[in-house]
Amino acid sequence: MKSTRRTRLKPLQNGQIWRMEESNLHVELVGKRLVHYKLVRHGAKRTPASISGKGAVEKYLKENKAILVQA
């Protein structure tokens, strides 16, 4: 029987930087249900701020195998 090792994401907090293969996600502000963040593509000069639900951001990080760089 194979055991599958799954890593749990740390809870989202203000100031976190998550690294992915093609981009970085900078968490600016975490509210009760929403997250303000910037999705920075490598080589981009400017990036817009975005707002999404906590569940959607956590799902995106999990699907893209994000690694927490700075807490």
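Tutor: Gladly! In this predicted model, Ser23 is in contact with Trp18, Leu39, Val40, Arg41, His42 and Tyr60, leaving aside neighbours within four places in sequence.

Student: What makes Trp18 or Tyr60 a contact of Ser23?

Tutor: Contact means heavy atoms within 4.5 Å. Trp18 and Tyr60 are both among the residues in contact with Ser23, so each has a heavy atom within 4.5 Å of one in Ser23.

Student: And why is Ser23 called buried?

Tutor: The relative accessibility of Ser23 is 2%. Buried means under 20%, so Ser23, at 2%, counts as buried. As for its place, Ser23 is in strand E2.

Student: Where is Arg33, and why is Arg33 called exposed?

Tutor: Arg33 is in the loop between strand E2 (23-30) and strand E3 (34-41). Its relative accessibility is 65%. Exposed means over 50%, so Arg33 counts as exposed.

Student: Which residues does Arg33 touch, not counting those up to four places away in sequence?

Tutor: Arg33 touches Ser52, Gly53 and Lys54. Also, the C-alpha atoms of Arg33 and Gly55 are 8.4 Å apart in space, while the two residues are 22 apart in sequence.

Student: What about Lys65: buried or exposed, and how do you know?

Tutor: Lys65 has a relative accessible area of 68%. The cut-off for exposed is over 50%, so Lys65 is exposed. You'll find Lys65 in the loop between helix H1 (54-63) and strand E5 (67-70).

Student: What is the phi of Lys65?

Tutor: The phi of Lys65 is positive, about 50°, although Lys65 is not a glycine.

Methods: Residues numbered from 1 in each chain as written. Predicted model: local features only at pLDDT ≥ 70, side-chain atom pairs only at ≥ 80, totals over all residues. Heavy atoms only, no water. Helix = DSSP H or I, 4+ residues; strand = E, 2+ residues; numbered from the N terminus. Buried < 20%, exposed > 50% of the residue type's maximum accessible area, 1.4 Å probe, protein only.
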